[in-house]
Amino acid sequence: MKRLLNKISLVTGGNRGIGEAIVMRLAEEGADVAINYYTDSLREQAIAVQKKVEELGRKAMVIKADVGKKQDVEAMIIAVEEQLGEIEILVNNAGIAPFEPFMQVTEETWDRTFNTNVKGIFLTSQLAAKRMIPKRNGKIINILSTASLMVTSPVIPHYQASKAAGHMLTKGMAIELGKYNINVNAVGPSTIDTDMCTDFLADPEIRRQEIEANPMKRLGTAKQIGDAVVFLASDEAEQINGHLLMVDGGLTVKAAQPDDHLEH
Ligand code: NDP
(Lines give C-alpha, C1' and ligand atoms only; values in the text may rest on other atoms or scores of the structure.)
Protein backbone atom coordinates (compact mmCIF):
# COMPACT_ATOMS: atom_id res chain seq x y z
CA MET A 1 0.00 0.00 0.00
CA LYS A 2 1.51 3.30 -1.09
CA ARG A 3 1.60 5.82 1.73
CA LEU A 4 1.22 9.04 -0.27
CA LEU A 5 -1.11 7.96 -3.07
CA ASN A 6 -2.22 10.89 -5.28
CA LYS A 7 -0.77 13.52 -2.91
CA ILE A 8 0.54 16.64 -4.62
CA SER A 9 4.00 17.67 -3.53
CA LEU A 10 6.64 20.30 -4.21
CA VAL A 11 10.32 19.76 -3.48
CA THR A 12 12.56 22.83 -3.66
CA GLY A 13 15.99 22.05 -5.06
CA GLY A 14 14.59 18.74 -6.29
CA ASN A 15 16.85 18.39 -9.32
CA ARG A 16 19.87 16.86 -7.58
CA GLY A 17 21.40 15.54 -4.38
CA ILE A 18 19.16 15.08 -1.38
CA GLY A 19 16.28 16.84 -3.14
CA GLU A 20 16.33 14.35 -6.01
CA ALA A 21 16.24 11.43 -3.56
CA ILE A 22 13.29 13.04 -1.76
CA VAL A 23 11.47 13.49 -5.09
CA MET A 24 12.00 9.83 -5.97
CA ARG A 25 10.86 8.53 -2.56
CA LEU A 26 7.70 10.69 -2.70
CA ALA A 27 6.95 9.38 -6.20
CA GLU A 28 7.60 5.77 -5.17
CA GLU A 29 4.99 6.26 -2.45
CA GLY A 30 2.45 7.46 -5.01
CA ALA A 31 2.79 11.25 -4.90
CA ASP A 32 2.86 13.61 -7.89
CA VAL A 33 5.89 15.87 -7.62
CA ALA A 34 6.84 19.38 -8.70
CA ILE A 35 10.61 19.62 -8.98
CA ASN A 36 12.00 23.08 -8.33
CA TYR A 37 15.47 24.03 -9.54
CA TYR A 38 17.41 27.28 -9.64
CA THR A 39 20.40 27.15 -11.99
CA ASP A 40 19.49 27.54 -15.68
CA SER A 41 22.23 25.18 -16.82
CA LEU A 42 20.79 22.43 -14.58
CA ARG A 43 17.31 22.44 -16.13
CA GLU A 44 18.12 19.26 -18.06
CA GLN A 45 19.00 17.59 -14.76
CA ALA A 46 15.56 18.57 -13.42
CA ILE A 47 13.90 17.21 -16.57
CA ALA A 48 15.79 13.92 -16.14
CA VAL A 49 14.36 13.62 -12.62
CA GLN A 50 10.89 14.47 -13.99
CA LYS A 51 11.22 11.61 -16.48
CA LYS A 52 12.20 9.17 -13.73
CA VAL A 53 9.10 10.17 -11.76
CA GLU A 54 6.89 9.75 -14.83
CA GLU A 55 8.36 6.29 -15.42
CA LEU A 56 6.90 5.38 -12.02
CA GLY A 57 3.48 6.37 -13.36
CA ARG A 58 3.24 9.61 -11.42
CA LYS A 59 2.78 13.17 -12.71
CA ALA A 60 5.74 15.51 -12.48
CA MET A 61 6.79 18.97 -13.60
CA VAL A 62 9.87 21.14 -13.36
CA ILE A 63 9.79 24.75 -12.25
CA LYS A 64 12.62 27.24 -11.98
CA ALA A 65 12.52 29.63 -9.04
CA ASP A 66 14.84 31.35 -6.62
CA VAL A 67 13.25 30.42 -3.31
CA GLY A 68 14.63 33.62 -1.80
CA LYS A 69 12.57 35.83 -4.16
CA LYS A 70 8.89 36.35 -3.46
CA GLN A 71 7.92 36.92 -7.10
CA ASP A 72 9.60 33.66 -8.10
CA VAL A 73 7.97 31.72 -5.28
CA GLU A 74 4.50 33.12 -6.07
CA ALA A 75 4.88 32.17 -9.72
CA MET A 76 6.11 28.70 -8.72
CA ILE A 77 3.16 27.99 -6.42
CA ILE A 78 0.69 29.15 -9.10
CA ALA A 79 2.39 27.02 -11.77
CA VAL A 80 2.21 23.94 -9.54
CA GLU A 81 -1.48 24.60 -8.84
CA GLU A 82 -2.20 24.94 -12.56
CA GLN A 83 -0.26 21.87 -13.63
CA LEU A 84 -0.65 19.42 -10.72
CA GLY A 85 -3.17 20.92 -8.25
CA GLU A 86 -2.93 22.40 -4.77
CA ILE A 87 0.18 21.47 -2.84
CA GLU A 88 -0.43 19.08 0.05
CA ILE A 89 3.22 18.26 0.82
CA LEU A 90 5.89 20.97 0.71
CA VAL A 91 9.52 19.98 1.19
CA ASN A 92 11.82 22.97 1.72
CA ASN A 93 15.08 21.33 0.69
CA ALA A 94 16.89 24.04 -1.31
CA GLY A 95 20.02 25.14 0.47
CA ILE A 96 23.55 26.40 0.01
CA ALA A 97 26.68 26.15 2.14
CA PRO A 98 29.44 28.36 0.75
CA PHE A 99 32.62 27.49 2.66
CA GLU A 100 34.07 30.67 4.14
CA PRO A 101 35.59 31.06 7.61
CA PHE A 102 33.99 33.71 9.79
CA MET A 103 36.60 36.41 9.13
CA GLN A 104 36.16 36.00 5.38
CA VAL A 105 32.38 35.81 5.13
CA THR A 106 31.17 38.61 2.89
CA GLU A 107 27.86 40.42 3.16
CA GLU A 108 26.93 38.87 -0.18
CA THR A 109 27.57 35.34 1.13
CA TRP A 110 25.65 36.06 4.32
CA ASP A 111 22.62 37.41 2.43
CA ARG A 112 22.63 34.65 -0.17
CA THR A 113 22.84 31.97 2.51
CA PHE A 114 20.02 33.42 4.59
CA ASN A 115 17.88 34.21 1.55
CA THR A 116 18.08 30.62 0.36
CA ASN A 117 18.15 28.68 3.63
CA VAL A 118 15.79 30.78 5.77
CA LYS A 119 13.82 33.27 3.68
CA GLY A 120 13.19 30.46 1.20
CA ILE A 121 11.44 28.42 3.89
CA PHE A 122 9.49 31.49 5.04
CA LEU A 123 8.26 32.55 1.59
CA THR A 124 7.46 29.11 0.22
CA SER A 125 5.76 27.90 3.39
CA GLN A 126 3.68 31.05 3.85
CA LEU A 127 2.36 30.93 0.30
CA ALA A 128 1.73 27.17 0.41
CA ALA A 129 0.09 27.41 3.85
CA LYS A 130 -2.35 30.06 2.52
CA ARG A 131 -3.72 27.31 0.29
CA MET A 132 -3.47 24.55 2.91
CA ILE A 133 -5.35 26.44 5.66
CA PRO A 134 -8.81 26.46 4.01
CA LYS A 135 -8.44 22.74 3.29
CA ARG A 136 -7.28 21.96 6.84
CA ASN A 137 -4.66 19.70 5.33
CA GLY A 138 -0.94 20.00 4.77
CA LYS A 139 2.55 18.78 5.57
CA ILE A 140 5.57 21.07 5.51
CA ILE A 141 8.98 19.48 5.94
CA ASN A 142 12.17 21.51 6.16
CA ILE A 143 15.56 19.98 5.42
CA LEU A 144 17.84 21.32 8.12
CA SER A 145 21.13 19.88 9.36
CA THR A 146 23.27 18.75 12.25
CA ALA A 147 24.37 22.39 11.93
CA SER A 148 20.96 23.41 13.32
CA LEU A 149 22.12 22.05 16.67
CA MET A 150 25.89 22.19 16.80
CA VAL A 151 29.02 23.63 15.24
CA THR A 152 29.87 21.10 12.58
CA SER A 153 32.68 22.90 10.83
CA PRO A 154 34.79 25.99 11.44
CA VAL A 155 34.21 27.29 7.91
CA ILE A 156 30.45 27.70 7.68
CA PRO A 157 29.31 29.93 10.57
CA HIS A 158 26.73 31.67 8.36
CA TYR A 159 25.34 28.27 7.26
CA GLN A 160 25.10 27.06 10.85
CA ALA A 161 23.31 30.27 11.85
CA SER A 162 20.87 29.84 8.96
CA LYS A 163 20.14 26.20 9.81
CA ALA A 164 19.59 27.11 13.48
CA ALA A 165 17.19 29.84 12.31
CA GLY A 166 15.40 27.24 10.19
CA HIS A 167 14.95 25.12 13.31
CA MET A 168 13.22 27.90 15.24
CA LEU A 169 11.17 28.83 12.17
CA THR A 170 10.01 25.20 11.99
CA LYS A 171 8.84 25.34 15.60
CA GLY A 172 7.09 28.70 15.22
CA MET A 173 5.28 27.60 12.08
CA ALA A 174 4.28 24.33 13.74
CA ILE A 175 2.63 26.13 16.64
CA GLU A 176 0.72 28.54 14.39
CA LEU A 177 -0.32 26.10 11.69
CA GLY A 178 -1.10 23.03 13.81
CA LYS A 179 -4.66 24.19 14.48
CA TYR A 180 -5.32 24.00 10.75
CA ASN A 181 -4.17 20.37 10.64
CA ILE A 182 -0.90 21.38 9.01
CA ASN A 183 2.12 19.54 10.40
CA VAL A 184 5.45 21.36 10.20
CA ASN A 185 8.52 19.27 10.87
CA ALA A 186 12.15 19.06 9.85
CA VAL A 187 14.79 16.49 9.00
CA GLY A 188 18.41 16.93 10.04
CA PRO A 189 20.99 15.11 7.93
CA SER A 190 24.65 14.69 8.80
CA THR A 191 27.24 14.67 6.03
CA ILE A 192 25.98 13.17 2.78
CA ASP A 193 28.07 12.81 -0.35
CA THR A 194 26.32 15.27 -2.66
CA ASP A 195 27.65 18.16 -4.76
CA MET A 196 27.53 20.29 -1.60
CA CYS A 197 30.27 18.15 -0.03
CA THR A 198 32.19 16.97 -3.09
CA ASP A 199 35.16 19.23 -2.51
CA PHE A 200 35.91 18.42 1.10
CA LEU A 201 35.00 14.72 0.85
CA ALA A 202 37.42 14.42 -2.08
CA ASP A 203 40.21 14.55 0.50
CA PRO A 204 40.49 10.91 1.68
CA GLU A 205 41.67 11.95 5.14
CA ILE A 206 38.68 14.25 5.66
CA ARG A 207 36.32 11.53 4.41
CA ARG A 208 37.89 9.08 6.86
CA GLN A 209 37.48 11.59 9.72
CA GLU A 210 33.83 12.23 8.82
CA ILE A 211 33.14 8.48 8.90
CA GLU A 212 35.13 7.96 12.08
CA ALA A 213 33.35 10.83 13.88
CA ASN A 214 29.92 9.34 13.22
CA PRO A 215 28.71 6.80 15.81
CA MET A 216 27.46 4.58 12.95
CA LYS A 217 30.90 4.75 11.29
CA ARG A 218 29.46 5.69 7.91
CA LEU A 219 28.16 8.69 6.00
CA GLY A 220 24.43 9.11 5.59
CA THR A 221 22.67 8.69 2.25
CA ALA A 222 20.23 10.92 0.41
CA LYS A 223 17.70 8.08 0.30
CA GLN A 224 17.67 7.93 4.12
CA ILE A 225 16.57 11.57 4.12
CA GLY A 226 13.87 10.73 1.57
CA ASP A 227 12.67 7.91 3.82
CA ALA A 228 12.37 10.29 6.78
CA VAL A 229 10.48 12.81 4.63
CA VAL A 230 8.04 10.12 3.48
CA PHE A 231 7.37 9.19 7.10
CA LEU A 232 6.77 12.81 8.16
CA ALA A 233 4.52 13.35 5.12
CA SER A 234 2.46 10.24 5.87
CA ASP A 235 -0.60 9.72 8.07
CA GLU A 236 1.65 7.77 10.44
CA ALA A 237 3.12 11.10 11.52
CA GLU A 238 -0.18 12.95 12.01
CA GLN A 239 0.54 13.83 15.65
CA ILE A 240 4.17 14.80 15.07
CA ASN A 241 4.51 18.57 14.88
CA GLY A 242 7.41 20.96 15.41
CA HIS A 243 9.91 18.11 15.50
CA LEU A 244 13.42 18.00 14.08
CA LEU A 245 14.07 14.38 13.18
CA MET A 246 17.81 13.88 13.15
CA VAL A 247 18.97 11.38 10.53
CA ASP A 248 22.59 11.67 11.55
CA GLY A 249 23.67 8.30 12.93
CA GLY A 250 23.62 9.79 16.43
CA LEU A 251 26.26 12.42 15.67
CA THR A 252 24.45 15.20 17.53
CA VAL A 253 23.97 13.14 20.70
CA LYS A 254 27.64 12.25 20.89
CA ALA A 255 30.03 14.20 23.10
CA ALA A 256 32.61 15.98 20.98
CA GLN A 257 35.97 14.28 20.62
CA PRO A 258 39.13 16.29 19.93
CA ASP A 259 39.56 14.78 16.47
CA ASP A 260 36.06 15.90 15.41
CA HIS A 261 37.25 19.45 15.15
CA LEU A 262 40.02 19.31 12.63
CA GLU A 263 39.52 22.04 10.09
CA HIS A 264 38.51 21.16 6.58
P1 NDP B 1 23.25 20.25 -3.37
O2 NDP B 1 24.28 21.33 -3.40
O3 NDP B 1 23.55 18.95 -4.00
O4 NDP B 1 21.88 20.80 -3.98
C5 NDP B 1 21.37 22.04 -3.56
C6 NDP B 1 20.01 22.23 -4.17
O7 NDP B 1 19.48 23.49 -3.73
C8 NDP B 1 20.05 22.25 -5.69
O9 NDP B 1 18.93 21.57 -6.18
C10 NDP B 1 19.95 23.73 -6.00
O11 NDP B 1 19.35 24.03 -7.26
C12 NDP B 1 19.03 24.20 -4.89
N13 NDP B 1 19.13 25.64 -4.68
C14 NDP B 1 20.22 26.36 -4.31
N15 NDP B 1 19.91 27.67 -4.24
C16 NDP B 1 18.59 27.78 -4.59
C17 NDP B 1 17.69 28.85 -4.71
N18 NDP B 1 18.06 30.11 -4.44
N19 NDP B 1 16.42 28.57 -5.10
C20 NDP B 1 16.03 27.32 -5.35
N21 NDP B 1 16.84 26.25 -5.26
C22 NDP B 1 18.11 26.48 -4.87
O23 NDP B 1 22.92 20.07 -1.82
P24 NDP B 1 22.35 18.82 -1.01
O25 NDP B 1 21.46 18.01 -1.83
O26 NDP B 1 23.47 18.21 -0.29
O27 NDP B 1 21.50 19.63 0.10
C28 NDP B 1 20.09 19.67 0.14
C29 NDP B 1 19.68 20.21 1.51
O30 NDP B 1 20.20 19.35 2.52
C31 NDP B 1 20.23 21.61 1.81
O32 NDP B 1 19.25 22.36 2.50
C33 NDP B 1 21.41 21.32 2.70
O34 NDP B 1 21.73 22.40 3.55
C35 NDP B 1 20.92 20.11 3.47
N36 NDP B 1 21.98 19.32 4.08
C37 NDP B 1 22.93 18.70 3.29
C38 NDP B 1 23.92 17.94 3.88
C39 NDP B 1 24.99 17.25 3.10
O40 NDP B 1 25.95 16.75 3.71
N41 NDP B 1 24.92 17.15 1.79
C42 NDP B 1 23.99 17.77 5.34
C43 NDP B 1 22.95 18.47 6.06
C44 NDP B 1 21.99 19.19 5.43
P45 NDP B 1 20.29 24.08 -8.60
O46 NDP B 1 20.87 22.72 -8.74
O47 NDP B 1 19.33 24.41 -9.69
O48 NDP B 1 21.30 25.14 -8.37
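A polar side-chain atom of R16 lies 2.5 Å from an oxygen atom of the ligand, and a polar side-chain atom of T194 is likewise placed 2.5 Å from a ligand oxygen. Taken alone, the ligand exposes 900 Å², and the protein buries 96% of that; accessible areas come from the Shrake-Rupley method with a 1.4 Å probe, and for residues only the protein chains shown count as cover.

The model is predicted, so local features need pLDDT of at least 70 and side-chain atom pairs count only at pLDDT 80 or more, whereas totals for chains, interfaces and linings use all residues. Residues are numbered from 1 along each chain as its sequence is written, and side-chain values use heavy atoms, with hydrogens and water left out.

## The ligand shell

Around the ligand there are 31 residues, of which the closest are N15, R16, T39, Y159 and T194; a residue is near a molecule or strand if one of its heavy atoms lies within 4 Å of it. Sorted by class, this shell has 15 nonpolar, 12 polar and 4 charged residues, where Ala, Val, Leu, Ile, Met, Phe, Trp, Tyr, Cys and Pro count as nonpolar, Asp, Glu, Lys and Arg as charged, and the others, Gly among them, as polar. The elements that give two or more residues to the shell are α1 (17-28), β2 (32-37) and α5 (157-177). Helices (H or I, at least four residues) and strands (E, at least two) are DSSP runs, numbered from the N terminus.

## The chain as a whole

The secondary structure of the protein chain comes to 8 helices and 7 strands. Its C-alpha trace spans about 50 × 40 × 35 Å along the principal axes. With 264 residues, a compact globule would have a radius of gyration near 18 Å, and the protein chain, at 18 Å, agrees with this; the radius is taken over C-alpha atoms, and the globule rule is 2.2 Å times the number of residues to the power 0.38. Of the contacts in the chain with a separation of 6 or more, 74% are between residues 24 or more positions apart, a contact meaning heavy atoms within 4.5 Å. The chain exposes about 12400 Å², of which carbon and sulfur atoms supply 54%, and buried residues make up 52% of the 264 residues.

## Individual residues

Residues are called buried under 20% relative accessible area, exposed over 50%, and partly exposed in between (1.4 Å probe, protein chains only). The table sets out this value for several positions.

| Residue | Relative accessible area | Class |
|---|---|---|
| G19 | 0% | buried |
| S234 | 1% | buried |
| I156 | 6% | buried |
| T116 | 16% | buried |
| R136 | 43% | partly exposed |
| K217 | 43% | partly exposed |

G19 lies in helix α1 and, not counting residues up to four places away in sequence, touches V11, G13, G14 and N93. The C-alpha atoms of G19 and A79, which are 60 residues apart along the chain, are separated by 19 Å.

T116 belongs to helix α4 (residues 107-135), where its side chain reaches the backbone oxygen of R112 at 2.9 Å. Leaving aside neighbours within four places in sequence, T116 is in contact with V67, A94, G95, I96 and I121.

I156 has its place in the loop between β5 and α5, and, with residues up to four places away in sequence left out, touches A97, P98, F99 and E100. I156 and L84 are 72 residues apart in sequence and 37 Å apart in space, C-alpha to C-alpha. S234 is found in the loop between α8 and β7 (244-247), and its contacts beyond four places in sequence are with R3, L4 and K139.

Two loop residues have a positive phi without being glycine. R136, in the loop between α4 and β5 (138-143), has a phi near 50°, while K217, in the loop between α7 (204-213) and α8 (222-233), has a phi of about 60°.

Notes
A polar contact is a pair of N or O atoms within 3.5 Å; within protein, one must be able to donate a hydrogen and the other to accept it, and residues adjacent in sequence count only if both atoms are side-chain atoms.
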